[in-house]
Amino acid sequence: MGQYFEYFAATVDTARGCAADGPTAAGLDVAELKWVDPVVMVSELCAVVHGEELGCSGSATGQWLGRFPTTLLSVPGDSELIAVHGDTTASLASVGDDRIGSLATAWAASEYWVSAEDPEELVHAVRRLRDTAVAASRPDHGLYAWWPE
């Protein structure tokens with residue numbers, strides 16, 4: 001059980017073509033991650049990448065979430081399709097192998113996880129997000145997240 005998100009690299013036209021059935025159905029390589037939504041949990045990971053504190057830290061929630069913005073691309077009736085902005089993609093793509101373990105440990109401390117997360121299990125998620133962000137850094141590509149409604 002749990003909500004799974006599929007992260008993938010694609011051109012915007014390819015991504016929009018995946019809105020109804022998802023990138024797996026379209027044959028794209030995906031990073032399927034449980035509970036890692038592109039708004040809150042990816043923002044939390046990017047905060048860790050930048051050495052910032054987790055959570056709102058006294059700021060308004062909208063301001064906090066606005067640090068690492070996303071854009072909704074799906075239309076009513078389709079599953080959710082989100083474009084992750086370029087700065088967030090660049091942050092994720094910049095993570096070196098030597099930082100993955102420490103980032104996973106810090107990210108596991110986020111109060112926004114549905115249940116307590118084991119940092120060792122998050123290593124895979126950080127690596128997959130980083131690798132997908134690297135692929136999304138190619139010309140005319142972006143990082144996208146999809147999940148069924």
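Is Asp-140 buried or exposed? In this predicted model, Asp-140 is exposed, with a relative accessible area of 69%.

## Loop residues with positive phi

Asp-140 is found in the loop between helix 6 and strand 5, and although Asp-140 is not a glycine, its phi is positive, at about 65°. Trp-35, which is likewise not a glycine, has a positive phi of about 70°, and Trp-35 belongs to the loop between strand 2 and helix 2. With a relative accessibility of 27%, Trp-35 counts as partly exposed, because that value falls between the cut-offs of 20% for buried and 50% for exposed.

## Helix 2 and its burial

Helix 2 covers residues 40-49 and is mostly covered, since 9 of its 10 residues are buried. The buried residues of helix 2 are Met-41, Val-42, Ser-43, Glu-44, Leu-45, Cys-46, Ala-47, Val-48 and Val-49, a list in which Glu-44 is a residue that counts as charged and Ser-43 is one that counts as polar.

## Packing of helix 2 against helix 4

Two packed helices are described by the angle between their axes and the distance between the axes. The axes of helix 2 and helix 4, the latter formed by residues 86-93, come within 10 Å and cross at roughly 55°. That angle makes helix 2 oblique to helix 4, and the crossing of this pair is left-handed.

On the side of helix 2, the residues that meet helix 4 are Val-42, Leu-45, Cys-46 and Val-49, and their partners in helix 4 are Thr-88, Ser-91 and Leu-92. When the residues of this contact between helix 2 and helix 4 are divided by class, 5 are nonpolar, 2 are polar and none is charged.

## Packing of helix 2 against helix 5

Helix 2 also packs with helix 5, at an angle of about 125° and with the two axes 9 Å apart. Helix 2 and helix 5 are therefore oblique to each other, and their crossing is right-handed. From helix 2 the contact is made by Met-41, Glu-44, Leu-45, Val-48 and Val-49, and from helix 5 by Leu-103, Ala-106 and Trp-107. By class, the contact of helix 2 with helix 5 has 7 nonpolar residues, no polar ones and 1 charged residue.

Leu-45 and Val-49 of helix 2 take part in the contact with helix 4, and Leu-45 and Val-49 take part in the contact with helix 5 as well.

## The nonpolar cores

The largest nonpolar core has 34 residues, and those with the most contacts inside this core are Tyr-7, Val-36, Leu-45, Leu-92, Trp-107 and Leu-129. Two or more residues of this core come from each of strand 1 (4-10), strand 2 (31-34), helix 2, strand 4 (80-84), helix 5 (100-108), helix 6 (119-136) and strand 5 (142-147). Leu-129, if its neighbours within four places in sequence are left aside, is in contact with Tyr-7, Leu-33, Val-36, Leu-45, Leu-92 and Trp-107.

Apart from this core lies another, of 11 residues, among them Phe-8, Val-30, Ala-83 and Tyr-144. Phe-8 lies in strand 1 and counts as buried, at 0% relative accessibility. Between Phe-8 and Leu-81 the C-alpha to C-alpha distance is 11 Å, whereas the two residues are 73 residues apart in sequence.

Ala-145 lies in strand 5 and is buried, with a relative accessible area of 0%. Its contacts, apart from neighbours within four places in sequence, are with Glu-6, Tyr-7, Phe-8, Pro-38, Glu-80, Leu-81 and Ile-82. Ala-145 and Asp-37 are 108 residues apart in sequence, and their C-alpha atoms are 8.0 Å apart in space.

Glu-120, by contrast, is exposed, with a relative accessible area of 62%, and is found in helix 6. Glu-120 and Ala-104 are separated by 16 residues in sequence and by 7.2 Å in space, C-alpha to C-alpha.

Technical notes:
Residues are numbered from 1 along each chain as its sequence is written. This is a predicted model: local features need pLDDT of at least 70, side-chain atom pairs count only at pLDDT 80 or more; totals for chains, interfaces and linings use all residues. Side-chain values use heavy atoms; hydrogens and water are left out. Axes are lines fitted to C-alpha atoms, for helices over the stretch in contact, and angles run from 0 to 180 degrees between N-to-C directions. Helices (H or I, at least four residues) and strands (E, at least two) are DSSP runs, numbered from the N terminus. Angles under 35 degrees count as roughly parallel, over 145 as roughly antiparallel, 65 to 115 as roughly perpendicular and the rest as oblique. A crossing is left-handed if the near helix is turned anticlockwise from the far one by less than a right angle, and right-handed if clockwise. Contact means heavy atoms within 4.5 Å. A nonpolar core is a set of buried Ala, Val, Leu, Ile, Met, Phe, Trp, Tyr and Cys residues joined through side-chain atoms within 4.5 Å. Buried means under 20% relative accessible area, exposed over 50%, partly exposed in between (1.4 Å probe, protein chains only).
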